Amino acid sequence: MTATATLSQAPAATVIRADYANANHAADIVKMLRVYAMDPMGGGEDLSPEVQANLVPGLAATPAASSLLAYVGDEVAGLANLMTTFSSFGAKPLINIHDIVVAKDHRGSGVGRALFAEIETVAREAGACKVTLEVLEGNAPAKALYASLGYGDYQLDPKMGKALFWQKRLET
């Protein structure tokens, strides 16, 4: 399946499900994740050569992983890396948007919306009960898009506050 979005005077964005064995898809996944990594919202540093070399083989070896690529014409314009996991409270699968990026030149043109439309299709096909994502507090444009699509803070009991996303880096 593919999703297409158009805005007035903006070319259509076509979203495909990436094939990790396809060299062009693999190169586009690495290209877009590098765009994300070098953006201030991705940490502002390029991916190491080791990460670039291991990214797609690692995704391909992870049964829960899938990726979507957005194109405007022949140009890659967006990427979403998804992880299918399980909601213990819903007793159904859930889809986590692990990475999502739209190339700077295509932001605000409907590429993100096209990616989210296909993400929801993937989630419905999997029988998922929800789609989750993380966003930096200072990423106002992304937060506005996500809110317009129905995403919001995760809370079980408002008295207990919002869920926080924490991490601990492990040395390897």
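Student: What is the accessible surface of the chain, and what share belongs to carbon and sulfur atoms?

Tutor: The accessible surface is about 10700 Å², and carbon and sulfur atoms hold 55% of that surface. Such areas come from the Shrake-Rupley method with a 1.4 Å probe, and for residues only the protein chains shown count as cover. The model is predicted: local features need pLDDT of at least 70, side-chain atom pairs count only at pLDDT 80 or more, and totals for chains, interfaces and linings use all residues. Residues are numbered from 1 along each chain as its sequence is written, and side-chain values use heavy atoms, with hydrogens and water left out.

Student: How do you know that the radius of gyration agrees with a compact globule?

Tutor: The rule for a globule is 2.2 Å times the number of residues to the power 0.38, and the radius is taken over C-alpha atoms. For 172 residues a compact globule would have a radius near 16 Å; the chain has 16 Å, so the two agree. The C-alpha trace spans about 50 × 45 × 30 Å along its principal axes.

Student: What makes up the chain in helices and strands?

Tutor: The chain has four helices and six strands, where helices (H or I, at least four residues) and strands (E, at least two) are DSSP runs numbered from the N terminus. Along the sequence the pattern is β-β-α-α-β-β-β-α-β-α.

Student: Why is His106 called buried?

Tutor: Buried means under 20% relative accessible area, exposed over 50%, and partly exposed in between (1.4 Å probe, protein chains only). His106 has 11% relative accessibility, so His106 counts as buried. In the chain, 35% of the 172 residues are buried.

Student: Where is His106, and which residues does His106 touch?

Tutor: His106 sits in the loop between S5 and helix H3 (111–125). Leaving out residues up to four places away in sequence, His106 touches Val72, Glu75, Ala77 and Val111, a contact being heavy atoms within 4.5 Å.

Student: Why does Ala91 count as exposed?

Tutor: Ala91 has 53% relative accessibility, and therefore counts as exposed. Ala91 belongs to the loop between strand S4 (75–87) and strand S5 (92–102). Phi of Ala91 is near 55°, a positive value in a residue other than glycine.

Student: Which residues does UniProt list for "domain: N-acetyltransferase"?

Tutor: UniProt lists residues 27–171, in an unreviewed entry; the positions are given in the numbering used here, feature names are shortened, and annotations may be inferred rather than shown by experiment. In the model, residues 27–171 are 33% helix and 25% strand, with end C-alpha atoms 28 Å apart.
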